[in-house]
Amino acid sequence: MSTLDLDEPSTDPFEVARAAADHLASATGVSRHDLLLVLGSGWGGAADLVGETVAEVETGHIPGFTAPVVAGHSATTRSLRLPDGRHALVLGSRTHLYEGRGVRRVVHGIRTAAAAGVRTVVLTNGCGGLRPAWSPGTPVLISDHINLTGASPLEGATFVDLTDLYSARLRAIAREVDPSLDEGVYVQFRGPQYETPAEVRMAGILGGDLVGMSTTLEAIAARQAGLEVLGLSLVTNLAAGISATPLSHEEVIEAGKAAGPRISSLLAEITRRI
Ligand code: 8IG
């Protein structure tokens, strides 16, 4: 077994992350990065206004990463140069828990970015909304989360404080950019099936506003690594039972496309200020 095999329990995932960061540094020619942007469903084109692409790397070639499985997700990692000279890594795809490849793979991008020098991460996703006022295509700031996956990226007795996990400072900056942005609590289910209407009602009773299949494990790993986290959800559909129509992956892709221009400029402007 290679010492870089994330599936091997004796492997140190942080060592694999350092190897991935080394690979990125040589493949991009950028020795340190400042920010990480993770692009979820609907956010694929949103990084184009953030900065100038310095290099593009096949994600599957980076140690510890695997090629994505979800249609509509891209498989490259980009290095962007922001107008002020800072460097951002952009992950155009993520590994989801429902893929069954283990939590280490789900958070490997976060740990790699941290090893590459990143101090701030913007986690984006497409999700279902519980508030009828959030029509498909509405961006929402994540204020907190409820992790219903039963999983954690932390191994052993690793006690990490999650107070203010979704940085109030970064949320305030986002609201300076767009004062109309609402905030909500993101509830992660394991998926890959969407929720039943009863599960959506449960999420609402528990204090949730958004339902999705990503983000919380990455946010936890980011906090463990000492990163500051901003979470941005794009409500691509009303959660099951909130609207009368059934959910479809096509609807999700369509809402993402329609919201493209707004969320692109939103992400660019926020990234510039954080
Ligand atoms: I896009 O309604 C998208 N992802 N769990 N529920 C869950 N994940 C989602 C949803 C949704 N929409």
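Q: How far is a ligand nitrogen from a polar backbone atom of G128?
A: The distance is 3.4 Å. Keep in mind that this is a predicted model.

Q: And what about the side chains of E195 and N237, how far is a ligand nitrogen from an N or O atom there?
A: For E195 the distance is 2.4 Å. For N237 it is 2.8 Å.

Q: How much of the ligand does the protein bury?
A: The protein buries 96% of the 320 Å² that the ligand exposes when taken alone.

Q: Which residues surround the ligand?
A: Among them are G126, C127 and G128, then Y194 and E195. V211, G212 and M213 are also there, as are T236, N237, L247 and V252.

Q: Switching to the core. Which members of the largest nonpolar core touch the most other members?
A: L36, I110, V121, L123, L210, L217 and V229, out of 36 residues.

Q: Which helix gives the most to this core?
A: Helix α6, residues 216–224, with four residues.

Q: What does L217 contact, beyond four places in sequence?
A: Its contacts include L97, V103, V106 and V107. N147, T149, A151, S152, P153 and Q188 are in contact with L217 too.

Q: What's in the second core?
A: That separate core has 27 residues, including A47, V90, A174 and L232.

Q: OK, helix α3. Why is it described as largely enclosed?
A: Because six of its eight residues, in the run 108–115, are buried. Those are H108, G109, I110, R111, T112 and A113.

Q: What do the buried residues of α3 pack against?
A: Helices α1, α2 and α6, plus strands β1, β4 and β5.

Q: Now β4. Is L89 buried or exposed?
A: L89 lies in strand β4, residues 87–91. At 2% relative accessibility, L89 counts as buried.

Q: What does L89 touch, leaving out residues up to four places away?
A: L24, H33, L35, L36 and L37 are on the list.

Q: Last one: H87, buried or exposed?
A: H87 is also placed in β4. Its relative accessible area is 19%, so H87 counts as buried, the cut-off being under 20%.

Definitions and conventions. Residues are numbered from 1 along each chain as its sequence is written. This is a predicted model: local features need pLDDT of at least 70, side-chain atom pairs count only at pLDDT 80 or more; totals for chains, interfaces and linings use all residues. Side-chain values use heavy atoms; hydrogens and water are left out. A nonpolar core is a set of buried Ala, Val, Leu, Ile, Met, Phe, Trp, Tyr and Cys residues joined through side-chain atoms within 4.5 Å. Buried means under 20% relative accessible area, exposed over 50%, partly exposed in between (1.4 Å probe, protein chains only). Helices (H or I, at least four residues) and strands (E, at least two) are DSSP runs, numbered from the N terminus. Contact means heavy atoms within 4.5 Å. A residue is near a molecule or strand if one of its heavy atoms lies within 4 Å of it. A polar contact is a pair of N or O atoms within 3.5 Å; within protein, one must be able to donate a hydrogen and the other to accept it, and residues adjacent in sequence count only if both atoms are side-chain atoms. Accessible areas come from the Shrake-Rupley method with a 1.4 Å probe; for residues, only the protein chains shown count as cover.
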